[in-house]
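Here's a quick briefing to read alongside the sequence and the 3D view. Grab a viewer and follow along.

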Amino acid sequence: FHQCRWGYHNLSVVEDVVENYRKAQIPLDVIWNDDDHMDGHKDFTLNPVNYPRPKLLAFLDKIHSRGMKYIVIIDPGIGVNSSYGVYQRGIANDVFIKYDGEPYLAQVWPGAVNFPDFLNPKTVAWWGDEIRRFHELVPVDGLWIDMNEASNFCSGKCTIPKGKQCPSGTGPGWICCLDCKNITKTRWDDPPYKINASGLQVPIGFKTIATSAVHYNGVLEYDAHSLYGFSQAIATHKALQGLEGKRPFILSRSTYVGSGKYAAHWTGDNKGTWEDLKYSITTVLNFGIFGVPMVGADICGFYPAPTEELCNRWIEVGAFYPFSRDHANYYSPRQELYQWKTVTKSAQNALGMRYKLLPYLYTLNYLAHTSGAPIARPLFFSFPAYKECYGLSTQFLLGSSLMVSPVLEQGKTSVKALFPPGSWYNLFDMTQTIVSKGQYFMLDAPLHVVNVHLYQNTILPMQQGGMISKEARMTPFTLIVTFPAGASEAQAKGNLYLDNDELPEMKLGNGYSTHVDLYATLKRGLVKIWSEVQEGKFALDKGWKIEKITVLGLSGSVDTSGLEINGSPVANGASNIELSSMKQMHLQDVEDGVGKKKSLMVELSGLNLYVGKNFDMSMKMGVQ
């Protein structure tokens, strides 16, 4: 989970935010700065008064020792300023996009800027050097590349006005103060086919780089416009990986086909409204399909201020975005999750579950990397034959079998959710079962509750959670095995990928990763569960163990004498192993109102099975 805000005016505010998350017992891994840390909005600089370097370095030492990370924003526009080293070196290396042979002039937060041309190899080298210099100044853990469509507060061909300050330093910074003329003289600036960008019927180059501006090798902006953010992400990725050989973290606003290989994405400046909470699911699912699996929306909305109720419901959705970050506008009141007692409780609940699911989410990240499958998916990805779910965008899956059914409307304390055919188990209370023929169920959803259900035939790896992923990742494992409720024959499977999480490539074969396939079968009252490990050394070196296995959907009773682990019989209670069972409650569906099935949840705790070693176990079920 990440926390950001535009308007953390000085370092002590940032330190307070980190401390308040700790006090509130809400997990937090990453703290961000929007441009508040910069000197006059200039990239790769530090404000000496509000973010003095010695104090910032001491703060970073403190949070880094806990395993926390720090990320700052970088905009592509480089301030035109003869005393600014980044600009001087840019001019000296001829890295900027040109218009009429001169660097194209635009306006962004620092005032007048030039835009680097990331299609030029010289620019990529210069950009890498600027990132290296900045990293020596401040050891950031990732970069947030914003405004890279590119966004320009002006349009056309501009010059710096004589005799007036631009920007004036008062009022909002996004009003154009350069002297500008529209460019209409070429078919690139005024093409015969008009696009109605933003519904404003404006010229194609409106508030961006002029479309007849020229990139490296004479390529026109008209042809390269959609590649700008993408090319910047590639250059930034190369630079960050070149620093310490670690896997880069980059968040980009502008994306193109292929961006997901290099960067994460957030859905831009959303609104703190119920409508935008709903839209966030659609956009996150779409970006997964576009090949950008690491995606999320600003939790609680960027602007205007969310209500307390909305923020409760938003963290219950946002805790399950692949990329989970709370971010707010300069002009909005503070909206960190601890600002309200009710939101604190919802966050502890929802993010508490996210941190227990980290091994599953990380494995999904590996599958996205190796196969292109999204992390967050529409229901039809898992149920292509079930047409009722084709148009559904108010619920979503994580991976193939974990379904989130959130409340998306004001004042509601229940949610009508569609359940594809089969058995579904409530992740927060696994005794609660839904057996669906493919229909809607009405679920209770008081303010602090989000409904998350696990589908049959799955083995879900979980850990015990914690306040930070570094600690959560070292806790013992639990496996949740789900069979169809009351089935006499069934199978389940799952997998788990573990690595040191900072190697550039997520892959097996480097000595720092382990992959585990997990299997279970149920046949004639015999439950078998086993693992097949690839490259177990890494997991063994880390000492990871499976401490508990929970099996859902069984029928009959447990025969405590029939437990075997790795080929040896185990008596219940011997060597700390405990076998217990609980009846599962079945929720009646909206239509028929008759609960017919009965099933059992069986828990084996006190296990001591190494994740990095093949195991097998079996247990017998007695007759009902």
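In α10, the residues Leu358, Pro359, Tyr360, Leu361, Tyr362, Thr363, Leu364, Tyr366 and Ala368 are buried (under 20% relative accessible area; exposed is over 50%, and partly exposed is in between, using a 1.4 Å probe and protein chains only). Keep in mind that this is a predicted model, where local features need pLDDT of at least 70, side-chain atom pairs count only at pLDDT 80 or more, and totals for chains, interfaces and linings use all residues. Residues are numbered from 1 along each chain as its sequence is written, and side-chain values use heavy atoms, leaving out hydrogens and water.

**More on α10**

- Helices here are DSSP runs of H or I with at least four residues, strands are runs of E with at least two, and both are numbered from the N terminus.
- The 14 residues of α10 (residues 358-371) should span 20 Å at 1.5 Å a residue, and the end C-alpha atoms are 19 Å apart, which agrees; the expected span is 1.5 Å times one less than the number of residues.

**The nonpolar cores**

- A nonpolar core is a set of buried Ala, Val, Leu, Ile, Met, Phe, Trp, Tyr and Cys residues joined through side-chain atoms within 4.5 Å.
- The largest one has 118 residues, and Phe115, Phe320, Leu337, Leu398 and Leu427 have the most contacts inside it.
- Helix α1 (residues 11-24) gives this core its largest share, seven residues.
- Leu398 touches Phe320, Tyr360, Leu361, Leu364, Ile375 and Ala376, if you skip residues up to four places away in sequence; contact means heavy atoms within 4.5 Å.
- There's also a second, separate core of 39 residues, including Ala520, Ile546, Leu563 and Phe615.

**Salt bridges**

- You'll find 20 salt bridges in the structure, each one a side-chain nitrogen of Lys or Arg within 4 Å of a carboxyl oxygen of Asp or Glu.
- Arg89 pairs with Glu130, their closest N and O atoms being 2.8 Å apart.
- Arg89 sits in helix α3 (residues 85-92) and Glu130 in helix α4 (residues 121-137), so this pair ties together parts that are 41 residues apart in sequence.
- Arg89 is partly exposed at 25% relative accessible area, while Glu130 is buried at 1%.
- Glu336 and Arg334 also form a salt bridge (2.9 Å, N to O); Glu336 is buried at 1% relative accessibility, and Arg334 is partly exposed at 34%.
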